[in-house]
Amino acid sequence: MEFFEPRSIVNGALLKRHSGHQVSIHLFVEQGDKDSRSFTGKSTDGVQIQVTFNEPLSAKLQGCWVEVIGMAGSNDSVRCREIITYKKKEGEEDFDVDGHNMLCNFMANCRDIYRMG
């Protein structure tokens, strides 16, 4: 049974508000070399984010969107606990950057979104 750790879904502008907390952020990776312990990705709102890992990457990341789950740092950085890669398949639409930014802003402004009653 897996333990679910709460996290905030953020974009680059919201990352600073969550320093020291668990976050989920989507980034476009231009280049992440195999065996590297870090890469820089661009958030959905265009902010450059530095991602660091405890273990080196097992594969090269290039030209893809990833979801990084980890601890937000104070300087546009995330210490990665888990990374999920999204490879666009033929015929699929591009990642909805504007829609994701709207989701991030909506969730940041609606603190009790899941509260019942």
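View 1. The chain carries 14 positive and 17 negative charges, whose mean positions are 5 Å apart. Lys and Arg count as positive and Asp and Glu as negative, while His and the chain ends are not counted; each charge is placed at NZ of Lys, CZ of Arg, CG of Asp or CD of Glu. The model is predicted: local features need pLDDT of at least 70 and side-chain atom pairs pLDDT 80 or more, whereas totals for chains, interfaces and linings use all residues. Residues are numbered from 1 along each chain as its sequence is written, and side-chain values use heavy atoms, without hydrogens and water.

**View 2. Secondary structure of the chain.** The chain has 2 helices and 6 strands, arranged from the N terminus as β-α-β-β-β-β-β-α. Helices (H or I, at least four residues) and strands (E, at least two) are DSSP runs, numbered from the N terminus.

View 3. Arg 81 lies in strand S6, which covers residues 77–86. Its relative accessible area is 46%, so Arg 81 is partly exposed (buried is under 20%, exposed over 50%, partly exposed in between; 1.4 Å probe, protein chains only). Leaving aside residues up to four places away in sequence, Arg 81 touches Glu 5, Gln 22, Ile 69 and Gly 70; contact means heavy atoms within 4.5 Å. The C-alpha atoms of Arg 81 and Met 71 are separated by 7.6 Å, the two residues being 10 residues apart along the chain.

View 4. Of the 117 residues, 36% count as buried. Among contacts with a separation of 6 or more, 55% come from residues 24 or more positions apart.
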